[in-house]
Amino acid sequence: MEVLRPQLIRIGGRVYRKNPIQEQTYQHEDEDDDCYQGLVECAEESCEAYEVVQTPQGFRCTVKAPSLLYKHIVGKRGDTRKKLEVETKTSISIPKPGQEGEIVITGQHRSGVISARTRIDVLLLTFRRKQPFTHFLAFFLNEAEVQERFLKFQEEVLEKCSMDHGVDSSIFQNPKKLHLTIGMLVLLSEQEIQQTCEMLQQCKEEFIDDISGGKPLEVEVAGIEYMNDDPGMVDVLYAKVRMKDGSNRLQELVDRVLERFQASGLIVKEWNSVKLHATVMNTLFRKDPNAEGRYNLYTTDGKYIFKERESFDGRNILKLFENFCFGTLKLSSIHISQRFTVDSFGNYASCGQIDFS
């Protein structure tokens, strides 16, 4: 990272500069687990947005965070917390592992408490980004017509293209799990799941009903495309989705949902727009039928997973099925779906939803 161009992190509408600090590590220990990143100054807005309460002993501020992330604030042997306390001249109280609660920061000086709060926020965001995705916002596409047409697509591809390199039945999506992903989420507590439900309801009230007109959005699932640059070495093949009336309402709706969730911090900003697609073939399924595309990147400990995959030659499939129609359906609900789970219908289990019809 260049000194004159440090990484910027946005938290709660403010932008911070992230400055790396070299910290002592111990033999046989994983450096990443105790990655203390010194920060930070407010780069745009005043830190007065934090709620700091004056007490007879000085000042106090609290931070809500899921218990799974406490260890990253404590650090190995408590080193991260000690460093924070020394550098900000504060005392930081953290609930014991497995206990939900608030991180409490106290100090003699308001500026020190704010500094500690800022650094903790960035640490939480840094390690949250290393957690595997747990949930996602999605439209389900598992209506009977689309499932039947998908199975027809699979049958014809295997009949006409099975001799092409890497093409076999193992890389096709489960038709019961066909869906459109709006955004991936890391939800680490029941409170965060509830917050997501509330945020989705706010989206419905503020703009979803206006865009949809209170009616289902009728879409056509037709045509195929691939993710990478070489049609001879494809890892993900997907079906395209568009409004049947030719309007841009679906794209507008999902983009505004994405924007709202990014602003809240529930979705980390990677793109400015949702790429609407329904995965129909994925080479990760070859070895793991429960794999979920590019989102299968980290273990529960935040360790990166390298997924070895054998690409397939998609040139004939793209030529023969360029305009294949998977059917039409009406989208009327957005679900908060939990990864690696199934409901009684074989689809992803839903933790909450909104209906706009």
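Predicted model: local features only at pLDDT ≥ 70, side-chain atom pairs only at ≥ 80, totals over all residues.
Student: At what angle do helix H2 and helix H3 pack, and how far apart are their axes?

Tutor: Helix H2, residues 79-88, packs on helix H3, residues 110-128, at an angle of about 150°, and their axes are 9 Å apart. Since angles over 145 degrees count as roughly antiparallel, H2 is therefore roughly antiparallel to H3. The crossing of H2 past H3 is right-handed.

Student: Which residues of H2 and H3 meet?

Tutor: From H2 come Thr80, Leu84, Glu87 and Thr88; they meet Gly112, Ser115, Ala116, Arg119, Ile120 and Leu123 of H3. By class, the residues of this contact between H2 and H3 comprise four nonpolar, four polar and two charged.

Student: How do helix H5 and helix H6 pack?

Tutor: Helix H5 (residues 190-212) and helix H6 (residues 249-264) have axes 10 Å apart and pack at an angle of about 150°. H5 and H6 are therefore roughly antiparallel to each other, and their crossing is right-handed. On the H5 side the contact includes Met199, Leu200, Phe207 and Ile211, while on the H6 side Leu253, Val257, Arg260 and Phe261 are among the residues involved. The residues of the contact of H5 with H6 divide into nine nonpolar, four polar and five charged.

Student: What is the order of the strands in the open sheet, and which strands form its edges?

Tutor: In general, strands of a sheet pair through backbone hydrogen bonds, either parallel or antiparallel. Here, an open sheet of four strands has the order E12-E11-E10-E13, and the pairing is antiparallel. Its edge strands are E12 (278-282) and E13 (325-331), each of which pairs on one side only. From one strand to the next, the twist averages 30°.

Student: How many bridges join E11 to E12?

Tutor: Four bridges join strand E11, residues 236-243, to E12, and the two run antiparallel.

Student: Where does Asp235 lie, and which side chains make polar contacts with its side chain?

Tutor: Asp235 is located in the loop between E10 and E11. Its side chain makes a polar contact with the side chain of Arg309 at 3.4 Å, and another polar contact, of 2.9 Å, joins the side chains of Asp235 and Ser311. Leaving aside neighbours within four places in sequence, the residues in contact with Asp235 also include Asn228, Met281, Asn282 and Phe312.

Note on methods. Residues numbered from 1 in each chain as written. Heavy atoms only, no water. Axes fitted to C-alpha atoms, helices over the stretch in contact; angles between N-to-C directions. Parallel < 35°, antiparallel > 145°, perpendicular 65-115°, else oblique. Left-handed = near helix turned anticlockwise from the far one by under 90°. Contact = heavy atoms within 4.5 Å. Nonpolar A, V, L, I, M, F, W, Y, C, P; charged D, E, K, R; others polar. Pairing = 2+ DSSP bridges. Polar contact = N/O pair within 3.5 Å; in protein donor to acceptor, adjacent residues only side chain to side chain.
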